[in-house]
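Here is a short briefing for a reader new to this structure. Look over the sequence and the model first, then take the points below by topic.

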Amino acid sequence: MNQSMAWATAPTSAGSDDCTLSCTCTEAGGHIAIENLSVSYGSQKVVEDFSLHIPRNAVTALLGPSGCGKSSVLIGLNRLCDLIPGCCVTGSVSFSWLDNERLRGDLIQLRRQVGMLFQRPNPFPFSIWRNLEFALKQHGLKAKVEIADRIEAALKEVGLWDEVSDRLNDSALALSGGQQQRLCLARALVLDPSVILMDEPCSALDPISTQKIEQLVLRLAEKRTIVLVTHSLGQAQRVADHMALLWKLEGVGKLVERGTARQMFDSPKHQLTQTYLQFAA
Ligand SMILES: Nc1ncnc2c1ncn2[C@@H]1O[C@H](COP(=O)(O)OP(=O)(O)OP(=O)(O)O)[C@@H](O)[C@H]1O
């Protein structure tokens, strides 16, 4: 039986009692239910009343002009926002297929289930092997054989194993940018997340590395839920099943339109969507 899960109610901004992510334990099959998400930095509200259901095991692209709040929505989903001083997120997020009891109030488990890939590759200044081992040990894994198996599987999943298996003790920083980004993806995958948040993961990559990441995104979405922030309409066309367009309206980011990628590209309803998507390649 599906168990409904939402974040535990918790302050997201030190000292602010009314800044809470409420826990809504509604039954919602097979999607991430984002309800009335608002994000502020200090006194500046940057996202208001963002509600969206993100289907499970598919790619959903968040699009919109710079500064409309896409990344702010993304970091609300795994509560990375908690680490940003002055950032306050209200509203609710529930993962319909995850275990409420396991994740309630446990940020480590939440971030294990909801991995993240950033705009710029950010490997730790350790060896390739240790980048992945570190993530596993942080999450309490101790058995050497299991650690080795998981590292190999993750590197194979991102197509890096054949490229690095003979130099696992070399510094991760010696890899190319594209390899580093795939290593960072492996670092998320090694924890076997069911959701991966990607914030413009190809913006620092060349076209060949970009293509590799896009192919990975498509493959990963067969059994994981991908939320992808991208400025590339071509990329959205190539990989997204669903899309949502945000726009800064009266100074704050809001959802303008959502739908399947095909529907949004073929017959956008909102004038802003029509304007924005006309630049699609
Ligand atoms: N740590 C922060 N402190 C203060 N303001 C922030 C912070 N992060 C983002 N903002 C502000 O929040 C607003 C939304 O930023 P956000 O990065 O979420 O937008 P975005 O749509 O992802 O932009 P881009 O496409 O350029 O990455 C912007 O006005 C930005 O300046």
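**Around the ligand**

The shell around the ligand is made up of Tyr41, Val46, Gly64, Ser66, Gly67, Cys68, Gly69, Lys70, Ser71, Ser72 and Ile84. The model is predicted.

- Helix H1, residues 70-77, gives the most to this shell, with three residues.
- By class, six residues of the shell are polar, four are nonpolar and one is charged.

**The nonpolar core**

- The largest nonpolar core has 73 residues.
- Ala186, Leu197, Val217, Ile226, Val227 and Leu228 have the most contacts inside this core.
- Helix H7, residues 177-189, gives the most to the core, with six residues.
- Valine 217 touches Val59, Ile226, Leu228 and Val239, leaving aside residues up to four places away in sequence.
- In soluble globular proteins, nonpolar side chains tend to be buried together.

- Asparagine 36 is found in strand E2, residues 31-41.
- Its phi is near 50 degrees, a positive value in a residue other than glycine.
- Aspartate 49 lies in strand E3, residues 44-55.
- Aspartate 49 is not a glycine either, yet its phi is positive, at about 50 degrees.
- Aspartate 49 has 13 C-beta neighbours inside 10 Å, so it counts as partly exposed.

Conventions: Residues are numbered from 1 along each chain as its sequence is written. This is a predicted model: local features need pLDDT of at least 70, side-chain atom pairs count only at pLDDT 80 or more; totals for chains, interfaces and linings use all residues. Helices (H or I, at least four residues) and strands (E, at least two) are DSSP runs, numbered from the N terminus. A residue is buried if 20 or more other C-beta atoms lie within 10 Å of its own, exposed if 12 or fewer, and partly exposed in between; C-beta atoms are placed from the backbone. A residue is near a molecule or strand if its C-beta atom, placed from the backbone, lies within 6 Å of it. Ala, Val, Leu, Ile, Met, Phe, Trp, Tyr, Cys and Pro count as nonpolar, Asp, Glu, Lys and Arg as charged, and the others, Gly among them, as polar. A nonpolar core is a set of buried Ala, Val, Leu, Ile, Met, Phe, Trp, Tyr and Cys residues joined through C-beta atoms within 7 Å. Two residues are in contact if their C-beta atoms, placed from the backbone, lie within 7 Å.
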